[in-house]
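I opened this notebook to record what I looked up in the structure. The entries follow the order of my reading.

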Amino acid sequence: MLYVTGDTHGDLSRFSDPRLRKLKKGDTLIICGDFGFVWDGTPEEEKRLKKLGNKRYNICFLDGTHENFDLLKQYKTSEWNGGKVQRISGNLYHLCRGQLYEIDGLKVFAMGGGESPDFDIRMESETWSRAEIPTKKELLDAASVVDRSGGKIDIIVTHEPPLKLKGFLLLKENKETLRVTGLNTFFEEMSSFCKFRRWFFGSLHEDKFISSCHVAVFQNIVCAHTGEPLR
C-alpha cells in the first residue's frame, strides 16, 4: 500500500508514530517535501539515515524548500519503479523532480521544489538556496513526462499546491501574500490536463481535505488508495 504524509523537518520522532506500525514490508510512505534529514553530513546524521533506510517499508521523500541541496546532489541517481531516484540508504529514497513512478499499482507523479515565503530573510542569514526553485529545464522535462502519460496519473505528490488552490487557502487563512511562481502555474495547468484520483501537497503545514481529490498533509498519514487517514 502507498501512504502519504507531510514535512518531517528532520524530526526523528515522526517515525516513532504508532500508526506507522501498520505499514508492512513493501509498503511505501511518501513525504511531501522538507524531509530535513539530509542536512549536515555528520556521522550522527548518517546513523539516522541508516536507521530510516532499515525500516521494513520504503520511505520516499520529495525535496521542499528547507533542504541542504548541495549535500543532496552528491547522491547518485538511479532508477526505481520506473522513475529516477537518489537512494540515500537502504529503503530510503529521494524522488527526483518531475518523475512518474509505478507504486503498488498506482501511477504516481512526484515534483519537489518551491519558493520559501521567508526567502528574503533567509538570504540575509545564508540559509537559502536558489536550488529550491525548479529550473526552466526541470519544468519542461516534467511537462514532457506528464504529456507522455496522456494525463493518466493516479496520484500526484508535490510540496507546493496548484496556483488557484494556494491563493484560495492563503486568502481564507489570512496568511502571507501569494507569490505567483512558474511551479504553481505549471501545477495549475497540470490539474486541468490530468485525470488524477488525489493530489497531496505539504508546504502549508496543515492537515485538510480541501476536496475529494486535493489533500493538504502535515502530520496525517493518508492511504493514497482510499484517501483515508490512518488511525
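Basis of the entries. I note that this is a predicted model, in which local features need pLDDT of at least 70 and side-chain atom pairs count only at pLDDT 80 or more, while totals for chains, interfaces and linings use all residues. Residues are numbered from 1 along each chain as its sequence is written, and side-chain values use heavy atoms, with hydrogens and water left out.

Overall fold. I counted 6 helices and 13 strands in the protein chain; these are DSSP runs numbered from the N terminus, helices being H or I of at least four residues and strands E of at least two. The radius of gyration is 16 Å, close to the 17 Å that the globule rule gives for 231 residues, so the chain is as compact as a globular protein of that length. That radius is taken over C-alpha atoms, and the rule is 2.2 Å times the number of residues to the power 0.38. Along the principal axes, the C-alpha atoms fill a box of roughly 45 × 40 × 35 Å.

Contacts. Of the contacts with a separation of 6 or more, I noted that 67% join residues 24 or more positions apart, a contact being heavy atoms within 4.5 Å.

Cores. The largest nonpolar core has 23 residues; such a core is a set of buried Ala, Val, Leu, Ile, Met, Phe, Trp, Tyr and Cys residues joined through side-chain atoms within 4.5 Å. Among those touching the most other members are Ile30, Trp80, Tyr101 and Val108. Two or more residues each come from β1 (2–5), β6 (92–95), β7 (99–103), β8 (106–111) and β9 (155–158), and β8 gives the largest share, 3 residues. I then looked up Val108: beyond its neighbours within four places in sequence, its contacts include Leu2, Ile30, Tyr101, Ile155 and Val157. A second, separate core of 22 residues includes Phe15, Val38, Leu71 and Leu72.

Backbone. Which phi does Asp104 have, positive or negative? Asp104, not a glycine, has a positive phi of about 50°. Asp104 sits in the loop between β7 and β8 and counts as partly exposed at 42% relative accessibility. His205, also not a glycine, has a positive phi of about 55°. I located His205 in the loop between β10 (198–201) and β11 (208–209); at 37% relative accessibility, His205 counts as partly exposed.

Key:
Buried < 20%, exposed > 50% of the residue type's maximum accessible area, 1.4 Å probe, protein only.
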